[in-house]
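Trainee: I would like a close look at one part of this model, followed by a walk through the rest. Please keep to what can be read from the coordinates.

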Amino acid sequence: MREKNAPGKKKSIIERTLDSLSDRNKAPMAAYVVLAVLYIVCSAIVTLTADNGNALKIGGGTVAVYAFAGVFSALSNIFIIFIVLFYGKLGFRTAMVFLCVQLPMIISGIFIRGNYASLPGLVTDIFTIIAIIMLYKNNERVDRYQRKLRDQAVNDMLTNLPNRFACSELINDLIKHGEKFTVVSIDINNFKSINDTMGFKAGNSVLIEIASRWETIADSGLSSTLDFITRVAGDEFALIIRNYRSEDDVVKTIRQYEAALGNRVTVDDCDIYITASFGYAEFPTDADNFDSLFSYSNAAMAEVKRQNSSDHILRFSSELLKAGRTLEIEHKIRTALDEDTIYFQLQPQFDLSHKLRGFEALARIKDSEGNNISPGEFIPIAEKVGLVDKIDGAVFRKSAEFFGELLRKSPSSDVTLSVNVSVRHLMKNDFVEEIRSIVENSGVPASQLEIEITESIMIDSADKALQCIKELKNMGMKIAIDDFGTGYSSLSYLNKFPANLLKIDKSFIDKMNASDSSKKYVAAIISIGHIMNFDVISEGVEKEEQLETLREIGCDYIQGYIWGRPLPTEDAEALYLNAV
Ligand code: C2E
Ligand code: MG
Ligand code: MG
């Protein structure tokens, strides 16, 4: 480790920043002044009272005035010990000046003026001086040890740059003081391949060289900003930029650090060309706490790496979070598929007399911490990354197997299992075959299975989808149009579509009772459905008054929290066995 804070050497900007952080824990100067004044006052009282033979009346008795000198002498010694204890070299010098000024006065009092009452004061002073010297020497030793410990705590052993701890200390301090600053997360590109091909030693030499170039920039004041460069882990560095006017200044500074990599690094006679990715976020504009700030600058840096473009500098934007969340969910979907942990819940559907019509199987994924991820979030992502057919397939297979078991336990020919199928799944070449084999293996009669296809997707899809739907229908399965009302299907299209059931979207049921026209609108949908020979079910029924209206306008079925939330399989089984 290079020697930092060497005596006599001028301190660098980085060292001064580190010092200023530890100085913030030191005792305040105001307390020093108070202690010094108290010491002077107590000493003056001692001088004034030491040879005063008068007596003071206190309560019923009398006390000699000079008896108080002892009290104030003890107090003055306590104050001077505090000064030495809390104010290091300054405290020690102050104490010595005070005592050395006082000492000749006491000596002259005794030997010239014959004031022998001051003799105990002289002895106390001499012992106080000895105690203070010993205290100071011991303090110095402890201080040296503490400084060494702190140096080790805030410096990175390899590069001798400040480390992650120093970085977080400075950031937290700046946040506390509300000072505007920018955090730049830096990652060396392809560093792993340097380590892999040339060995750890060469990798370390590269890191030391990079750190030294960046330290020079930070310390030389070459940039127009005040910079603090740290190594936070492996090949990751963090730069904290302060004292700038605009974002242009920040980018200019980052470019200087980037340019410093421009020259090759030579290790073991090999020239290595280094580049790095820089992502930054500003306090307080982008984030107002340490964790968010760091994760945002990291997200921007990760995006630079992902884009692999020629510009290696990027500021955080909220778009990046969405991309990050999408990647995270995609990863969780893949894990759930690999580990076959996708499961389903069953939401019951009833007719208006509360008789069970069937269940809708709804996909569920838990992450590794056991938290549920909503299908509203993971299904659109699964569609985007081409995994939705696997989810559909797993839910279909598992729920059909479960339903088959249920039917074997207690047969019933009029309870239906509905499953959601995405159009992407539907468009796959082997879709019909896949469904056929699931149906056969489960032992559920096709007539008791229903496929739900969302209206908005359905109308955009090609004839091939329609062809598949017809084949399923020929197998005897029912077809439901899900979320009806959210797409723009024309009446003539609906007429062509071989559906059995129209599911009115929750959004219409939510506002149905708000106005007469909304109620008439839902009534019209139900009428049209009936004209086309579809049954009609309302989704998301939550309130008694909605139920009443639906009864009044002739809806056939309902699905909603009012009579049943999505249930775990055991609860769905109990409900089924009770109903049949
Ligand atoms: P969906 O098919 O329209 O399913 C109904 C959604 O509404 C379910 O949400 C259900 O829990 C919710 N719901 C039902 N009744 C009420 C109610 O009274 N109040 C409220 N607030 N919500 C109610 P969930 O389970 O979050 O599913 C959301 C969507 O995810 C589904 O909408 C469906 O489009 C999709 N999805 C779920 N499972 C699968 C699947 O296995 N495959 C495919 N492709 N999509 C699925
Ligand atoms: Mg559905
Ligand atoms: Mg729906």
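Which residues does isoleucine 80 touch, not counting residues up to four places away in sequence?

Mentor: Isoleucine 80 touches Tyr39, Ala95, Phe98, Leu99, Thr128 and Ile132, with residues up to four places away in sequence left out of the list. The model is a predicted one. Isoleucine 80 sits in helix H3, which runs over residues 67-86. Its relative accessible area is 0%, and since buried means under 20%, isoleucine 80 is buried. Leucine 38 is 42 residues away from isoleucine 80 along the chain, and the two C-alpha atoms are separated by 9.3 Å.

The chain around that residue can be described next. The protein chain has 22 helices and 18 strands. Its radius of gyration is 40 Å, whereas the globule rule gives 25 Å for 580 residues, so the chain is more spread out than a compact globule. The C-alpha trace spans about 125 × 85 × 45 Å along its principal axes. Of the 580 residues, 47% are buried. Of the contacts between residues at least 6 apart in sequence, 68% join residues at least 24 apart. The accessible surface is about 29400 Å², and carbon and sulfur atoms account for 55% of that area. On the charge side, there are 63 positive and 77 negative side chains, with 8 Å between the centres of the two sets.

Aspartate 482 and aspartate 483 are both buried.

Strand E10 (residues 343-351) holds aspartate 351. Aspartate 351 has a relative accessible area of 19%; buried means under 20%, so aspartate 351 counts as buried. Leaving out residues up to four places away in sequence, aspartate 351 touches Asp556, Tyr557 and Trp563. Tyrosine 557 is 206 residues from aspartate 351 in sequence, yet the C-alpha to C-alpha distance is 4.2 Å.

Histidine 354 lies in the loop between E10 and E11. Its phi is near 75°, a positive value in a residue other than glycine. At 38% relative accessibility, histidine 354 is partly exposed.

Asparagine 160 is another residue other than glycine with a positive phi, here near 65°. Asparagine 160 is located in the loop between helix H5 (119-154) and helix H6 (164-176). With 2% relative accessibility, asparagine 160 is buried, whereas histidine 354 is partly exposed.

One backbone feature remains. Phenylalanine 283 and proline 284 are joined by a cis peptide bond, with omega about 0°. Proline 284 is placed in the loop between strand E8 (276-283) and helix H10 (290-307).

To return to the residue you asked about: isoleucine 80, in helix H3, is buried at 0% relative accessible area, and Tyr39 and Ile132 are among the residues that isoleucine 80 touches.

Technical notes: Residues are numbered from 1 along each chain as its sequence is written. Chains are lettered from A and ligands numbered from 1 in the order in which they are written. This is a predicted model: local features need pLDDT of at least 70, side-chain atom pairs count only at pLDDT 80 or more; totals for chains, interfaces and linings use all residues. Side-chain values use heavy atoms; hydrogens and water are left out. Helices (H or I, at least four residues) and strands (E, at least two) are DSSP runs, numbered from the N terminus. The radius of gyration is taken over C-alpha atoms; the globule rule is 2.2 Å times the number of residues to the power 0.38. Buried means under 20% relative accessible area, exposed over 50%, partly exposed in between (1.4 Å probe, protein chains only). Contact means heavy atoms within 4.5 Å. Accessible areas come from the Shrake-Rupley method with a 1.4 Å probe; for residues, only the protein chains shown count as cover. Lys and Arg count as positive and Asp and Glu as negative; His and the chain ends are not counted. The place of a charge is taken as NZ of Lys, CZ of Arg, CG of Asp or CD of Glu.
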